[in-house]
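Open the model in your viewer and keep the selection tool at hand. This tour goes from stop to stop, saying what to select and what is there.

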Amino acid sequence: MSDAASQPTARRPHRPVIVGIVPRQPSRVLREAAHYARLHGASLLVVHVDVTRFVSYEDPDGYVHTAPINLDAVPGEALESQLRDEAARALKGVDIAWQLEMLAGDPALAMKDLADRTEARLIVVGTRKRGIGDSIREFFTGSVAARLAHRQPRPVLVVPTGEPVKDDEDPWRERQSWPEELWPGA
């Protein structure tokens with residue numbers, strides 16, 4: 001892969017495979033997405049959606065202005081650099097053109113909108129880790145993968161990132177974090 005392929009450009013690729021990433025995500029998600037992009041003869045659009053920012057308005061030329069939810073928050077240049085480095089490591093030796101795009105807002109809606117604008121072929125996301133906070137959030141908002149699958153016409157590939165839950169195991173129960181009064185016998 002050339003350095004130019006990994007640099008952001010003003011122009012988004014047309015009909016890419018989109019892959020959603022988060023910091024320290026297993027490289028398997030990016031590598032699976034790259035595999036499918038290669039099968040489709042498409043480029044890879046690596047996307048991170050910052051949930052601590054929201055879209056304040058969009059210019060007629062398409063430039064999106066965002067604002068932090070927390071007004072004391074600092075810009076995410078360090079995060080963008082970290083994600084670019086992680087993506088470069090995960091895709092090292094993979095012959096595919098890719099670029100990183102930073103979005104803001106709700107992950108499912110932001111990726112859906114980007115997929116519509118680029119006429120994406122496929123959206124790839126990884127599973128979330130099984131923590132109590134993530135479980136509660138998913139209960140109220142739904143998983144990003146499920147929301148994508150129900151709100152847009154493209155295929156959604158969900159790549160497992162951790163150990164699968166055993167058939168007789170409760171995926172919502174995290175024994176170490178439940179107090180005895182909430183989950184007797186834990």
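Is Arg84 buried or exposed, judged by its relative accessibility? Select Arg84 and look. This is a predicted model. In it, Arg84 has a relative accessibility of 16%. The cut-off for buried is under 20%, so Arg84 counts as buried.

**Stop 1: a pair within H3**

Glu80 is partly exposed, with a relative accessible area of 27%. The whole structure holds 5 salt bridges. Two more pairs come later in the tour.

**Stop 2: the largest nonpolar core**

Now select Val17, Val19, Leu30, Leu44, Val46 and Val124. These belong to the largest nonpolar core, which has 22 residues, and they touch the most other members. Next, colour the elements that give two or more residues to this core: strand S1 (17-20), helix H2 (27-40), strand S2 (44-50), helix H3 (77-90), strand S5 (98-104) and strand S6 (122-126). H2 supplies the largest share, 5 residues. In soluble globular proteins, nonpolar side chains tend to be buried together.

Zoom in on Val17. Which residues does Val17 contact, leaving aside its neighbours within four places in sequence? Ala33, Tyr36 and Ala37 are among them.

**Stop 3: Asp50**

Move to strand S2 and pick Asp50, which lies in that strand. Asp50 is buried, with a relative accessible area of 17%. Beyond its neighbours within four places in sequence, Asp50 is in contact with Leu103, Ala104 and Gly105.

**Stop 4: a link across the sequence**

Select Arg147 and Asp106. Their side chains form a salt bridge, 2.7 Å from N to O. Arg147 lies in helix H6 (residues 144-151), and Asp106 in the loop between S5 and helix H4 (107-118), so the pair ties together parts that are 41 residues apart in sequence. Arg147 counts as buried at 13% relative accessibility. Asp106 is partly exposed, with a relative accessible area of 27%.

**Stop 5: H4 against H6**

Show H4 and H6 together. How do their axes lie? The axes come within 9 Å and cross at roughly 40°. H4 and H6 are therefore oblique to each other. H4 passes H6 in a right-handed crossing.

Then show the side chains where the two helices meet. From H4, take Pro107, Ala108, Leu109, Met111 and Lys112. From H6, take Val144, Arg147, Leu148 and Arg151.

**Stop 6**

What joins their side chains? A salt bridge does, at 2.9 Å from N to O. Lys112 counts as partly exposed at 24% relative accessibility. Asp116 is partly exposed too, with a relative accessible area of 33%. Salt bridges that share partners join Lys112, Asp116 and Arg154 into one network.

Technical notes. Residues are numbered from 1 along each chain as its sequence is written. This is a predicted model: local features need pLDDT of at least 70, side-chain atom pairs count only at pLDDT 80 or more; totals for chains, interfaces and linings use all residues. Side-chain values use heavy atoms; hydrogens and water are left out. A nonpolar core is a set of buried Ala, Val, Leu, Ile, Met, Phe, Trp, Tyr and Cys residues joined through side-chain atoms within 4.5 Å. Buried means under 20% relative accessible area, exposed over 50%, partly exposed in between (1.4 Å probe, protein chains only). Helices (H or I, at least four residues) and strands (E, at least two) are DSSP runs, numbered from the N terminus. Contact means heavy atoms within 4.5 Å. A salt bridge is a side-chain nitrogen of Lys or Arg within 4 Å of a carboxyl oxygen of Asp or Glu. Axes are lines fitted to C-alpha atoms, for helices over the stretch in contact, and angles run from 0 to 180 degrees between N-to-C directions. Angles under 35 degrees count as roughly parallel, over 145 as roughly antiparallel, 65 to 115 as roughly perpendicular and the rest as oblique. A crossing is left-handed if the near helix is turned anticlockwise from the far one by less than a right angle, and right-handed if clockwise.
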